[in-house]
Amino acid sequence: MTFLSNIFFLKEIDYFHTHADLNPLLHTWSLAVEEQFYIVYPIFLALLFRKAPRFLVHALIAAGLLSLALVLNSVASDPKYAFYLFPMRAWELLIGALASLAFARTEVSPPRALYSGLSMVGFAAILLSYAIVDETRLSSGLYALPACLGAALVILFTKPGMMVHRILTTRWIVLIGLISYSAYLWHQPLISFYRHAFPDDTVGVAVCAFLTFPIAWLTWQFVEQPFRKRTPGVPARRVLTSSFAALSLFAVLGLALTADTGWERRYSPDEQRILRSFVDADDYVPTRFDALKGRQFNAEGNLPKVLIVGDSYGQDLVNALYETGMDRDFDLSTYHIPGRCGNLMIDDLDKYRNRENREECARLPGYEDPELQARLHEADQVWLVSSWSPWTAPLLPKSLEALSASTDAEIVVFGRKHFGDRLTYRVFADGIDALVGKRRVPDDPSAVSLQMSETIPKLAEYVDLQRLLCGGYETCTNADSSGSPLTFDGTHLTPAGARYMGDLLKPYLVTQLQAEHHPVKEMPRP
């Protein structure tokens with residue numbers, strides 16, 4: 001109703017998260033961007049017509065290029081902004097605006113061979129976009145260019161009798177075009193609600209996708225058409241009044257559910273306590289780690305100087321220290337290296353990274369950062385804590401060799417941890433046990449933890465967090481002795497989880513790492 005859902009989802013949901021598509025209204029972000037354009041563009045156009053009509057096309061091109069520059073810059077700094085926000089999407093819509101101006105000036109008797117060729121090029125560019133755009137490139141402006149420019153070429157140069165015209169005027173394609181808006185509105189909630197009810201049923205998801213089209217046709221026939229065209233016997237006032245009443249009803253319902261915090265009273269007090277651990281929990285994770293970033297050690301202090309290098313798993317470790325009072329036992333400093341970039345001191349690291357992360361990671365200094373180099377020379381101990389992955393774990397021995405040559409500090413490697421998938425959407429189907437009961441650890445984290453337990457202890461001090469927290473590598477329970485969840489997403493710790501891990505680590509960290517190096521023959525167990 002307010003055309004601001006893209007702003008809401010920017011703040012609340014990472015579109016690129018594996019389970020973001022379970023939100024039934026996530027797709028409305030694009031409708032919000034579209035409506036924002038429809039509000040701003042006419043005002044912009046009216047001002048140009050009044051003040052500088054000769055420069056209309058130039059102004060639209062300049063605005064489009066500015067928007068494209070914004071999205072290319074935002075892709076590097078924060079893909080969510082590039083994906084969700086109107087200024088970064090305006091260039092796509094401005095291509096259509098420029099096409100409409102050019103369309104009004106097309107020749108009466110165009111050169112048919114040239115137009116047919118350009119039409120085919122545009123159609124091929126649209127098809128090409130299906131091949132080059134995937135979930136890793138959704139926010140990158142350049143990858144959207146073929147589809148946008150292709151659509152403009154098809155609009156401008158496709159004429160009756162041409163091959164593209166014959167394809168696009170096929171009866172079933174015309175029908176899909178007519179109901180496409182309704183289909184877009186229906187597909188997300190249908191599939192999302194079904195996946196909440198039946199999270200493991202893929203066949204039903206395909207059935208829901210198919211059912212989108214007949215439901216869309218009904219909506220187009222009995223909602224869209226009467227609203228857009230005057231229907232005999234149905235006054236326009238009645239259509240508008242009914243639409244306003246329906247919108248008001250949904251608004252009141254939404255406000256009521258928000259005021260009642262999602263009707264949480266349908267759960268028992270214990271279930272509510274567990275569910276609250278999964279709400280806004282990620283705001284807790286980075287705060288303490290970030291406060292210690294680049295912190296200089298106390299040169300006159302007697303506490304062990306510990307440099308923690310890692311990602312959000314390092315943030316969890318810092319929280320575990322603070323929750324159990326161990327922060328007073330160490331002089332702490334932190335340095336952040338995203339797990340997707342690799343917490344590794346290796347030459348030509350870029351060639352090992354996933355393609356979608358190379359551009360972002362290339363801008364981060366990593367172990368070449370002079371600030372990190374300074375802390376490495378000052379530290380008594382360097383703790384490496386990351387979400388080790390199938391590509392980083394095999395490279396870790398080589399990295400440890402290089403790191404050992406660059407610092408006199410004792411190096412301690414903390415393994416990764418995984419409590420099994422803990423997804424709130426499964427509560428509808430599986431009950432609260434889906435969040436706290438025993439779950440299977442996914443194959444990749446399990447294999448990485450097992451591999452590291454066999455290779456890293458030969459090279460450095462090693463803390464096997466997976467075995468420490470779960471007792472093994474295949475399954476894990478997500479609850480402490482009081483039933484409080486240890487993690488809110490399967491990997492990152494709640495405050496209760498940080499206390500739990502800190503209590504288990506304390507005998508090792510305080511007793512052995514404060515003393516001189518001694519091999520650890522047996523890790524503490526829960």
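**A close look at a loop**

Mentor: In this predicted model, let us begin with D348, which counts as exposed because its relative accessibility is 57%, above the 50% cut-off. D348 is found in the loop between β2 (331-336) and α15 (358-362). Its backbone deserves attention: phi of D348 is near 55°, a positive value in a residue that is not glycine. Most residues other than glycine have a negative phi.

N343 also lies in the loop between β2 and α15. N343 counts as buried because its relative accessibility is 2%, under the 20% cut-off. Two polar contacts involve the side chain of N343. One reaches the backbone oxygen of V309 at 3.0 Å, and the other, of 2.6 Å, joins the side chain of N343 to that of Y367. Leaving aside residues up to four places away in sequence, N343 touches V309, G310, I337, Y367, L384, V385, S386, W388 and S399.

For a further example, consider D489, in the loop between β7 (475-477) and α22 (495-511). D489 has a relative accessible area of 29% and is therefore partly exposed. The side chains of D489 and H492 are joined by a polar contact of 2.7 Å. When residues up to four places away in sequence are not counted, D489 touches F278 and R422. The C-alpha atoms of D489 and S277 are separated by 10.0 Å, although these residues are 212 residues apart along the chain.

Methods
Residues numbered from 1 in each chain as written. Predicted model: local features only at pLDDT ≥ 70, side-chain atom pairs only at ≥ 80, totals over all residues. Heavy atoms only, no water. Helix = DSSP H or I, 4+ residues; strand = E, 2+ residues; numbered from the N terminus. Buried < 20%, exposed > 50% of the residue type's maximum accessible area, 1.4 Å probe, protein only. Contact = heavy atoms within 4.5 Å. Polar contact = N/O pair within 3.5 Å; in protein donor to acceptor, adjacent residues only side chain to side chain.
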